[in-house]
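Thanks for coming. I will go through the DNA contacts and then the contacts between the protein chains. Please have a look at the model while I talk.

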Number of protein chains: 2
Amino acid sequence: MERPMGESAVLANNSTDAAMKSAGTKKSTKTPATKGKIPAASLSREAVVEAVRQSIFQGRLVPGQRLVEAEICEALNASRGNVRTALMDLEHEGLVERIANRGARVRIVPLEEALHIVEVRMAVESLCVARAAERITPEDRIELQALAQQLTEKAEQGDVDGYADTTRSVFETYLRMANQPVAAEVLAKLRARNTRHRYRLTYRKDRAKVSLPYWLEIIAAICAGDPAAAEAALRAHAQNVQETMKALAEAEQPFAGLTPLSG
Amino acid sequence: MERPMGESAVLANNSTDAAMKSAGTKKSTKTPATKGKIPAASLSREAVVEAVRQSIFQGRLVPGQRLVEAEICEALNASRGNVRTALMDLEHEGLVERIANRGARVRIVPLEEALHIVEVRMAVESLCVARAAERITPEDRIELQALAQQLTEKAEQGDVDGYADTTRSVFETYLRMANQPVAAEVLAKLRARNTRHRYRLTYRKDRAKVSLPYWLEIIAAICAGDPAAAEAALRAHAQNVQETMKALAEAEQPFAGLTPLSG
DNA sequence: GCGCTCGATATTGTCAACAATTTAGCCAAC
DNA sequence: GTTGGCTAAATTGTTGACAATATCGAGCGC
């Protein structure tokens, strides 16, 4: 209704490839045959979850957009049951909003909530870096210092993507070091939930210059085995992120509907 | 197979009442009639979630117990689809564990994980009490001081249930004051997830004596508008909880299977 | 006697038809 | 012109049947 047709193609064009990739792993063991009737080997629930999730992350599905079960069915060639459960899964992840009898849509995460998310992340991640600092081993120290070096290089080269990837590696490294699986789980969900807001920050040309000193300080504190300093450094970074997000949102406010992902 | 029969009654006997209560709210508007065929007005998905959740909380379903869809169906008089989605919901809550093609069981939360949960809760709740201390209003102060008074009285009277209820009120109050919906959401899930371990602590006769000073200190710090002190007080409490949980688990280790809920 | 394949059974996963609900358009009445 | 109810269309929710998968036990060869 809202948009008559053809938009389901947005989901189909690029998604099925990625979706099939994860679906292939499943049905590989045995050929179903299915009594001669070929039901087009429809996507499993997990594959649908992944396809829709990626579509949201990559901006093919914009916040607020309606997710009609039947449309997704056709676009991904999946049965409605699978699509339905997939949407429920995504609701639990906080990516999709579902209202009873009224359908699902891509969840809109308002700035205020995004700031709250950063705040909670700050609390949980400060726990993680503190524990990482306490538990650091010589091997970890070498790895972290190498990452610090790499981070500096990427920043100097102006390699935005590489810099973003490396920060993720740092994050994953101290998370592993912290040995806090519950914290890791919580963080994964929170990060997924404000991917969009995070993207706006991460992929800015000048972001590396601002964030590099914060990252280096965090790494230095962990390597020094100083939990308090690590917490402080992480909180400083988080506060900068909050401020920058606010500033960015204000700057973009006038343009309302537009979302210039690649500023 | 494992246990031939009759155990489904464990779920049915007491649960349907509570389940019906929440189901009643839904179907109240209109009588379905359903073409003359009476499908026994089966429980909706949410009602099943609630019934199973309560059964787990109240210990009628013990950790590790298998949750066969068909059995729950019959016990609660719900359709399998609803039971199925309910189990998936509970999986997301961390209460139920589901293995593909092998069914669901009540999740076993090992001591180690329970300690991790307390640690994450400590991080998130310390954020909340700090914010509560920053944002406190005169009305909040009056409310908190009244709760502190009540807490002291219940502890003196040895009213274990009342004391537990009041601590929950304190928790809810500073959570509301903190204005951190995301943190509240995360905490709700974490609390649900180690309900069982928490019960062992909360409902001990002598627990109030130990925890009361911690609670009073937290409240005092919030009322004083001192975020740092509030965080410190909360962390002290959390650490005591961790230590006590460890000690309790060790003490119970010899008795293996038994779970003396009302020690 | 021991291990192994092969069937029987129990249980979960998928699907498509059906029921219920909401929404939008329309006409009538005020 | 606006409000109110009524009907039709679109969409979600539910159910039962069927397919796929894992588990267990019996028979069989070694």
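Let me start with DNA strand D. There are 21 residues around DNA strand D, and A:Arg80, A:Arg84, B:Ser42, B:Ser79 and B:Arg102 come nearest; a residue is near a strand if one of its heavy atoms lies within 4 Å of it. Of the atoms of DNA strand D that come within 4 Å of the protein, sugar and phosphate account for 77%.

Before I go on, a word on the numbers. This is a predicted model, in which local features need pLDDT of at least 70 and side-chain atom pairs count only at pLDDT 80 or more, while totals for chains, interfaces and linings use all residues. Residues are numbered from 1 along each chain as its sequence is written, chains are lettered from A and ligands numbered from 1 in the order in which they are written, and side-chain values use heavy atoms, with hydrogens and water left out.

Now the individual DNA contacts. A:Arg80 places a polar side-chain atom 2.7 Å from a base nitrogen of DNA strand D. On chain B, an N or O atom in the side chain of B:Ser79 is 2.3 Å from a phosphate oxygen of DNA strand D. For B:Asn82, the distance from a side-chain N or O atom to a phosphate oxygen of DNA strand D is 2.9 Å. Two or more residues of the surface near DNA strand D come from each of strand E1 (66–67) and helix H4 (80–93) of chain A, and H4 of chain B. Helices (H or I, at least four residues) and strands (E, at least two) are DSSP runs, numbered from the N terminus. By class, this surface has four nonpolar, eight polar and nine charged residues. Here Ala, Val, Leu, Ile, Met, Phe, Trp, Tyr, Cys and Pro count as nonpolar, Asp, Glu, Lys and Arg as charged, and the others, Gly among them, as polar.

Next, the protein interface. How much area do chain B and chain A bury between them? About 2,300 Å², with 57% of it on carbon and sulfur atoms; buried area is the accessible area (1.4 Å probe) that two parts lose on being put together, summed over both. B:His92, B:His116 and B:Val182 supply 24% of the area that chain B buries against chain A, more than any other three residues.

Four salt bridges are found across this interface, each a side-chain nitrogen of Lys or Arg within 4 Å of a carboxyl oxygen of Asp or Glu. A:Arg193 forms a salt bridge with B:Glu185, with the closest N and O atoms 2.8 Å apart.

Technical notes:
Polar contact = N/O pair within 3.5 Å; in protein donor to acceptor, adjacent residues only side chain to side chain.
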